[in-house]
Amino acid sequence: MSDITLGIIGGGQLGSMLAIAAKKLNIKTVIFCDDVDAPAQNFCNRFIYANYDDNEKINEFINLVNIVTYEFENIPYETLNEINKLKPVLPKPSVNRLIQHRLAEKDFVNNLNIRTTRYASIEKKSDIEALEDFLPGILKTTTLGYDGKGQHPIKSIEELNSLNLDFSKGYILEKLVKLKKEISIIITRFSTHKYEIYEPIENTHEDQILKHSKIPAEIDEKIFNQSKEWAKLIAEELKYIGTLCVEFFIDRNDNLYVNEIAPRVHNSGHLTINAFNVSQFENHVRAVCALNQIPLKKLSNAKMINLIGNQISFYRKSPKFKDNEFFFDYLKKDVKEKRKMGHITTLL
Ligand code: ADP
Ligand code: MG
């Protein structure tokens, strides 16, 4: 057993998969989560259930671990910053603060001369009315959105009147990109100029939730290279340590845009568990724990399908799979509509 204990904030499926990867590397894990039913408690060495502002429990957590990482971005900056004074938090809290705010994130990307959708800050209804050329667009809360939550497609100003928007929250209005495809790049940065980067993954969404991912992505060489370069530039600029995902749009004229950055392992990278010698989760643990870097090798082409809501029930009842199919049940207690419950990766 190594001497490292890794603390992970958040106990969903990403926390579970990080804990499984850590175990393989003989690293112990403590999961801190505000959900008493957090699935990751099935895979870690120790589980602490408390709110993210419970100082007593946070101290208990800090005392048990050597390094802290997180599996989702919506953690209060103050919490991460306080923990970081006592034990290193990776990726750095300042990186998380930047990325958890959609406006700050897009400003950062644009300042690197990387294309994003057109966007504007929205504080009141009349701000939208003054931006008619941004329509059709998508109005998104600047913070706390995921899986399409907090998003409102808006086709016209008339449609705006039927939406009951709460302007105590900040919003961003994005012009709708006429999508040809979506891809993502998963990259792990170890230290200065050292990377493991996976090939572009092609993604399809349904109701703004990821449904399918596959490699290889059917894209031309220019987009293949450009997406990797931009992901590297972003990771380098952030002086990032760990695994990061950059989501991209490709429009009908083959222009590439950065959609958003996830400062963590990502759903589109689940196929890396079966399709590569080192998964995105193992690479994350290796990077944040300063273990050695292993050159990435692809083992197979692959596709992944997310099981959302009650789509999991069929597979739980009759789990019949071929040798090239890998089923993951996240062991979530309640089956809820639009909730990611599991996935199946098929090696091709
Ligand atoms: P989340 O944080 O919920 O993942 P995203 O901004 O990535 O939010 O949006 C989820 C999905 O909604 C995207 O992957 C894409 O399919 C669609 N979408 C979001 N913004 C736009 C846009 N400006 N143009 C076209 N499609 C969009
Ligand atoms: Mg997204």
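Quick housekeeping. This is a predicted model, where local features need pLDDT of at least 70 and side-chain atom pairs count only at pLDDT 80 or more, while totals for chains, interfaces and linings use all residues. Residues are numbered from 1 along each chain as its sequence is written, chains are lettered from A and ligands numbered from 1 in the order in which they are written, and side-chain values use heavy atoms, with hydrogens and water left out.

Back to the ligand. For histidine 205, a polar side-chain atom is 3.2 Å from an oxygen atom of ligand 1. Glutamate 174 goes for a nitrogen atom of the ligand instead, with a side-chain N or O atom 3.0 Å away. How much of ligand 1 does the protein bury? Taken alone, ligand 1 exposes 550 Å², and 92% of that is buried by the protein. Those areas are Shrake-Rupley with a 1.4 Å probe, and for residues, only the protein chains shown count as cover.

Which elements give two or more residues to the shell? They are strand 6 (137-141), strand 8 (171-175), strand 9 (179-189), strand 13 (242-251) and strand 14 (256-262). Strands here are DSSP E runs of at least two residues, helices are H or I runs of at least four, and both are numbered from the N terminus.

In total, 21 residues surround ligand 1, and the closest are Lys140, Gly148, Glu182, Asn259 and Glu260. Near means one heavy atom of the residue within 4 Å. By class, the shell has six nonpolar, seven polar and eight charged residues.

Zooming out, the assignment gives domain 1 (5-89), domain 2 (118-175) and domain 3 (179-347), with bounds from an automatic or database domain assignment. Domain 2 and domain 3 each supply at least three residues to the ligand shell. Their centres, over C-alpha atoms, are 28 Å apart, and the contact takes six residues from domain 2 and five from domain 3. Contact means heavy atoms within 4.5 Å.

Most peptide bonds are trans, and most residues other than glycine have a negative phi. Leucine 135 to proline 136 is cis, omega about -5°, and proline 136 sits in the loop between helix 6 (125-129) and strand 6. Isoleucine 154, in strand 7 (residues 151-154), touches both Leu135 and Pro136, among others. Buried or exposed? Isoleucine 154 is buried, at 1% relative accessible area; the cut-offs are under 20% for buried, over 50% for exposed, partly exposed in between (1.4 Å probe, protein chains only).

The peptide bond from leucine 90 to proline 91 is cis too, with omega near -10°.

Last one: aspartate 254, in the loop between strand 13 and strand 14, has a positive phi of about 60°. Aspartate 254 is partly exposed, at 28%.

Conventions. A polar contact is a pair of N or O atoms within 3.5 Å; within protein, one must be able to donate a hydrogen and the other to accept it, and residues adjacent in sequence count only if both atoms are side-chain atoms. Ala, Val, Leu, Ile, Met, Phe, Trp, Tyr, Cys and Pro count as nonpolar, Asp, Glu, Lys and Arg as charged, and the others, Gly among them, as polar. Lists of a residue's contacts leave out its neighbours within four places in sequence.
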